[in-house]
Amino acid sequence: MLSRTADHLFWMSRYMERAENLARLLDVTYQMSLVPQSEEAANQSWSAIIALNSLEEAYAAQYSVVNGENVLKFMVSDAGNVSSIHSCLRMARENAHAVRGTLTTEMWETLNYTWLEARSRSFEQLLSAGISEYFEWVKMRSSLTRGTTLGTLLQDEAYHFIRLGTLLERADNTARILDFKYHVLRPQGDEGATDFYQWAALLRSVSAFEVYRKVYRDVITPDRVAELLILNKDMPRSLHFCLNGVIKNLDLIANRQSGETARQAGLLHAQLHYGRIGGILEHGLHEWLEDFMDRIYLLGNGISKDFLVPMDEAA
Amino acid sequence: MNFYNEMYDAQGGVRGHYKGYEDWLKATPPERIERKRAEADLAFHRVGITFAVYGEEAGKERLIPFDIIPRVIPSAEWKALQAGLRQRVKALNMFLWDVYHDQHILKAGVIPAEQVLNNAQYRPIMQGVDVPGRIYAHITGVDIVRAGEGEFYVLEDNLRVPSGVSYMLEDRKMMMRLFPELFAKHKVAPVQHYPDMLLEKLRAVSPKGVSNPTVVLLTPGAYNSAYFEHTFLAQQMGVELVEGRDLFVKDQVVYMRTTQGPQRVDVIYRRIDDDFLDPQVFRADSALGVPGLMQAYRAGNVTLANAVGTGVADDKSIYPYVPEMIRFYLDEEPTLNNVPTYMCRKPDDLKYVLDHLPELVVKEVHGAGGYGMLVGPASTAEQIEHFRQLLIAKPDGYIAQPTLALSNCPTFVEEGIAPRHLDLRPFVLSSGECVNMVPGGLTRVALTKGSLVVNSSQGGGTKDTWVLED
């Protein structure tokens with residue numbers, strides 16, 4: 001497969017996954033903002049979303065006040081914000097357009113239609129129709145894209161690069177959300193109802209609320225939430241699950257120069273495969289997650305160098 | 001002017017080959033037709049069958065309007081056309097081989113040598129290069145119009161990078177999806193095997209000694225107006241769609257960059273003009289091409305389809321000589337008509353043209369896409385005066401032809417169904433001794449009332465083209 005084609009496929013799936021994760025994050029934050037709380041606490045959650053995506057400067061350039069409506073507008077439909085859902089859907093579609101011949105007709109039509117729809121609605125329209133409905137729609141479109149991929153695409157290299165993009169992006173997103181929420185929630189340690197809702201919201205943002213109940217059959221505690229999102233190998237949005245897929249797909253596309261990237265992925269995977277939540281917490285969850293995100297970033301670079309943007313012309 | 005109507009004869013009766021369709025049209029409720037037309041629009045949008053128009057906002061994509069009334073060609077008429085196309089394309093390929101080798105036709109004085117050798121489209125770098133199978137134009141799009149019963153004219157031969165075949169295929173797919181019942185009633189010759197036929201041709205012209213060639217399609221990229229077609233054909237043929245930056249040349253061999261390392265490329269179906277192919281030889285500022293490609297090509301290590309330098313045979317200044325080529329190389333009488341052409345570089349012709357501008361069509365010798373032309377009968381005095389000045393200033397830049405009474409065909413337009421002018425572009429595929437084509441081609445229709453310009457860049461639309469089998 002052409003390196004450039006693989007590059008487009010990889011980023012197409014990353015952007016789609018990013019759009020979905022953003023929708024999830026914004027949705028729970030919005031839902032949470034409806035729970036009675038101080039205005040300060042509410043706005044704290046909204047500014048956290050900006051911080052989570054390292055967009056403080058870009059946001060400050062446009063808005064003076066951090067509040068729900070501004071942040072939603074900025075993160076949902078601001079075409080100038082490269083991290084908005086709008087921009088992610090556009091980038092997913094543009095990458096797909098560049099390699100539409102590699103995609104099945106169903107995949108391309110799904111991605112193209114998603115973008116055409118997204119483009120046709122203004123933020124005001126979204127708000128009046130109910131913003132949660134829009135988040136549901138984004139999640140459904142992402143599911144549909146994944147579904148047509150799984151249901152129609154030949155499982156050759158193209159599929160492996162698409163999976164790699166999805167899983168790397170998802171691992172990064174889950175780690176980011178956990179890091180941030182754990183950070184905010186843990187130190188306060190107040191045992192009130194808000195806390196329960198916050199943890200429940202975090203779980204819902206990764207579709208893990210029911211899963212938690214099923215796995216633990218017990219009350220929600222922060223340590224178990226961390227364990228579920230990091231180490232559970234069967235939960236589709238956990239770090240362990242993502243890394244299982246990463247090493248599997250890397251193995252399937254291996255070439256002459258990808259040995260080191262595969263080794264790094266294997267090392268990271270081993271931590272999840274053999275790790276215990278006690279050890280991770282002892283080490284410091286924040287430090288551990290930061291290290292994890294750094295290594296995911298390096299893995300992305302490695303894949304890019306080995307497969308997507310090869311530098312040499314040696315025949 | 002009286003125009004030949006494809007569906008109705010002069011007395012208003014339905015022509016035999018349109019009978020079935022007309023019956024169906026009359027029996028089908030207008031609401032259903034309306035619904036189906038909307039459905040087609042939506043489907044074309046979702047599939048993204050679009051093209052970009054130069055001069056409009058960058059990156060903007062437009063739909064080519066699709067009309068649901070097909071252009072129907074009876075079998076006998078198509079057979080005659082097909083024979084004429086075979087003859088013509090064969091002669092054009094022989095002409096190109098000759099021009100780039102011994103130049104018999106120039107020595108014999110059939111075509112003035114300076115017309116060929118001083119032509120900007122003549123590529124000296126191709127002199128003496130032996131292309132596989134002696135084929136230069138592997139894919140030819142011949143634009144044909146009808147003026148009357150059995151009276152067909154070739155408007156131009158497109159031998160460089162003819163486009164539009166994807167619309168031919170998509171139009172058929174759309175018609176079958178919208179109105180399957182029509183195909184049950186008519187014996188419409190299938191066209192969907194075109195990509196297969198094309199792939200077979202491309203594989204047949206691979207460099208010597210290559211038994212299982214790697215074929216790629218070279219595109220200028222996603223912002224090219226025909227990008228949809230490039231992706232479509234690459235996908236249908238199952239070959240890689242590459243851009244210049246995906247390829248590199250080492251030791252006169254072309255490779256593409258893949259996730260498994262460099263892979264050798266044998267045949268390139270290129271959809272990039274000569275000028276942009278290789279910055280080391282042609283335009284140095286081209287970012288679309290591949291440095292060193294011409295070296296690999298001349299060494300015979302890679303085949304380009306179409307070959308470099310075919311423009312010298314489809315240039316409007318060479319067009320008037322095609323009938324002579326057919327007589328010279330094949331010793332046959334041409335069966336397809338050329339439009340009588342006045343070459344303004346000849347003083348007598350120029351004088352005639354200047355005296356008759358309001359009735360003529362004037363075209364730039366190197367123009368294409370319906371840009372830079374004058375349709376006398378449809379122009380204002382001011383426009384005619386403007387062209388008069390252009391002609392006087394640069395007579396060798398123009399040719400002129402009588403305005404043909406292009407046939408028309410009922411077409412859905414805003415005010416209902418009305419006749420609109422159309423042309424036909426069959427796609428002719430050549431390799432070695434074989435010249436093949438799928439029945440029919442792309443029918444383009446001018447949607448503006450009275451307009452004779454069918455190019456999509458000028459607001460033209462398309463129709464499905466049916467060749468009826470006996």
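## Where the chains meet

Chain B puts 22 residues into its contact with chain A, and chain A puts in 20; two residues are in contact if their C-beta atoms, placed from the backbone, lie within 7 Å. This is a predicted model, in which local features need pLDDT of at least 70 and side-chain atom pairs count only at pLDDT 80 or more, while totals for chains, interfaces and linings use all residues. Residues are numbered from 1 along each chain as its sequence is written, and chains are lettered from A and ligands numbered from 1 in the order in which they are written.

On the side of chain B that touches chain A, at least two residues each come from α2 (30–47), α9 (227–237), β7 (240–242), β8 (247–250), β9 (253–258) and β10 (261–264) of chain B. Here helices (H or I, at least four residues) and strands (E, at least two) are DSSP runs, numbered from the N terminus. The most comes from β9(B), with four residues. By class, this side of chain B has nine nonpolar, seven polar and six charged residues; Ala, Val, Leu, Ile, Met, Phe, Trp, Tyr, Cys and Pro count as nonpolar, Asp, Glu, Lys and Arg as charged, and the others, Gly among them, as polar.

## Two domains in chain A

Now to chain A, where the domain assignment gives domain 1 (1–153) and domain 2 (156–315); such bounds come from an automatic or database assignment. The C-alpha centres of the two domains of chain A lie 20 Å apart. Their contact takes 24 residues from domain 1 of chain A and 26 residues from domain 2 of chain A.

On the domain 1 side, the elements giving two or more residues are α1 (3–33) and α2 (39–52) of chain A. The largest share, 16 residues, belongs to α1(A). That side of domain 1 of chain A divides into twelve nonpolar, seven polar and five charged residues.

## A buried tyrosine

Y134(A) sits in helix α8 (residues 131–152) of chain A. Y134(A) counts as buried because it has 23 C-beta neighbours inside 10 Å (buried means 20 or more other C-beta atoms within 10 Å, exposed 12 or fewer, partly exposed in between, with C-beta atoms placed from the backbone).

## A helix crossing in chain B

In chain B, the axes of helix α3 (residues 75–99) and helix α12 (residues 322–330) come within 9 Å and cross at roughly 80°. Axes are lines fitted to C-alpha atoms, for helices over the stretch in contact, and angles run from 0 to 180 degrees between N-to-C directions.

Among the contact residues are Q87(B), R88(B) and F95(B) of α3(B), and V322(B) and Y329(B) of α12(B). By class, this contact has nine nonpolar, one polar and two charged residues.
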